[in-house]
Amino acid sequence: MSRRPTRRRTTARRATLALAAAVAALALAACSTPATSSQTTPPADPAGSAASSGAAEGSGDAGTEDSAYPVTIDTKFGPVTIEERPERVVALGWGDAELALAFGVQPVGAADWLAFGGEGVGPWAEGLYDSAPEIIGTMEPSYEAIAALEPDLILDVRSSGDAERYERLSTIATTVGVPDGGDSWLATRDQQVGMIAAALGQTERGEELVAEVDDAFAEVSAAHPEWAGKTVTVATRTADGWGAYAATDGRVQLLENMGFTLSPTIAALPVDENGWSVSISAEQLDLLDADLLVAFPIFIDASEITDDAGWQLVPAVADGRSIVVTDDLSQAFSLGTPAAQLYAIDHFTSLIESAIG
């Protein structure tokens, strides 16, 4: 896959796999909105906050109420209190910048985890910036560049959970790190949305964003009751080999929200140390078989999947029940923000219909 430009291949693979997982709509299991304590007052017109333009520098204030502050957000590193509405936000976590934009807040600095280029957002979020942010590194961000932006809030919610990274960021500005249990990019969609919504004083708008995606999942599931209970495997191939995603992964959860069930064969395999994937050797590709098999390449061409003789022998592939996703759909599948999930739902549905009816 054509993702992160700066990082060693192994590290990149690990981060990419993870990342996606985390978040997304996977709402299932681990998705609980983080506990917050605050004097939050719902915005007077929460619906008007999303995607509206903000100030050329720093946070926009669409939908944000000053009375929402101070707000305290629970994180893995302890409670973080934001005393007043932030004016200059740097968004470093996977998808954090897109979420800030969804709240009408324009980060002055952002990370481009999926190497979109330009403003560092997917096509589903294009045009939301008034001024392009400074693009900061991902796994190894430039702390000097971040400090030069003079942020008053740093979002690093869907991130590695590395303590040293958090401590260094916290010396620059108030930092909202990963939630408890959110290491290795495993913050769920609901956690990520809830924490950033609270940090930006827009909890009600956050609930709306989640509800909009859940409604889309419900609509697809209602239109396709025949998908309920069918098994699915989400696989990937990198230059290092094959793997499949575990139940903790956001991509798996996205498909579960459309009615599918993780393949029991994959579910029974030991989860790797990262917490979101299982290793599959080239000699074990039959383990990927399921009613629906979805795969995508990471840092390699898709033909290295489709032309693989072992892949072609997997029953789901031989029967035409497989989908190999690339480009924007692959990115949306991995990113897991509400807007990316809506994009994925729209584009996945017809592909699944073609594959299994």
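At roughly what angle do the axes of helix 12 and helix 13 cross? The axes of helix 12 (residues 327-335) and helix 13 (residues 338-356) cross at roughly 125 degrees and come within 8 Å. Here an axis is a line fitted to C-alpha atoms, for helices over the stretch in contact, and angles run from 0 to 180 degrees between N-to-C directions.

Before going on, a word about the model. It is a predicted one, in which local features need pLDDT of at least 70 and side-chain atom pairs count only at pLDDT 80 or more, while totals for chains, interfaces and linings use all residues. Residues are numbered from 1 along each chain as its sequence is written, and side-chain values use heavy atoms, with hydrogens and water left out.

Now let us take in the whole protein. Its secondary structure comes to 13 helices and 14 strands; helices (H or I, at least four residues) and strands (E, at least two) are DSSP runs, numbered from the N terminus. Of the 357 residues in the protein, 57% are buried. Buried means under 20% relative accessible area, exposed means over 50%, and partly exposed lies in between (1.4 Å probe, protein chains only). Among contacts between residues at least 6 apart in sequence, 73% join residues at least 24 apart, where contact means heavy atoms within 4.5 Å.

Back to our pair of helices. Helix 12 passes helix 13 in a left-handed crossing. A crossing is left-handed if the near helix is turned anticlockwise from the far one by less than a right angle, and right-handed if clockwise. Helix 12 contributes Asp328, Leu329, Ala332, Phe333 and Leu335 to the contact, and helix 13 contributes Ala340, Tyr343, Ala344, His347, Phe348 and Leu351. These residues divide into nine nonpolar, one polar and one charged. In this grouping, Ala, Val, Leu, Ile, Met, Phe, Trp, Tyr, Cys and Pro count as nonpolar, Asp, Glu, Lys and Arg as charged, and the others, Gly among them, as polar.

Helix 13 also meets helix 6 (residues 203-223): their axes come within 9 Å and cross at roughly 15 degrees. Helix 6 and helix 13 are therefore roughly parallel to each other, and their crossing is left-handed. On the helix 6 side you will find Leu209, Glu212, Val213, Ala216, Phe217 and Val220, which meet Pro338, Gln341, Leu342, Ile345 and Thr349 in helix 13. By class, this contact has eight nonpolar, two polar and one charged residues.

Next, look for charged side chains that pair up. How many salt bridges does a search of the whole structure find? The search finds nine, a salt bridge being a side-chain nitrogen of Lys or Arg within 4 Å of a carboxyl oxygen of Asp or Glu. One joins arginine 165 to aspartate 156, with the closest N and O atoms 2.8 Å apart, and both of these residues are buried. Another links arginine 251 and aspartate 249 at 3.3 Å, N to O; arginine 251 and aspartate 249 are buried too. Aspartate 319 and arginine 321 also meet in a salt bridge (2.8 Å, N to O), and aspartate 319 counts as exposed because its relative accessibility is 52%. Arg189, Asp190 and Asp214 are linked in a network of salt bridges.

Finally, let us turn to the backbone. Most residues other than glycine have a negative phi, and most peptide bonds are trans. The peptide bond from tyrosine 69 to proline 70, however, is cis, with omega near 0 degrees. Proline 70 sits in the loop between strand 1 (36-38) and strand 2 (71-75). Alanine 115 is not a glycine, yet it has a positive phi of about 55 degrees. Alanine 115 is in the loop between strand 5 (109-111) and strand 6 (134-136), and it counts as partly exposed because its relative accessibility is 31%. Aspartate 327 has a positive phi as well, near 55 degrees. Aspartate 327 lies in helix 12, which brings us back to the helix we began with, and at 59% relative accessibility aspartate 327 counts as exposed.

Conventions: Parallel < 35°, antiparallel > 145°, perpendicular 65-115°, else oblique.
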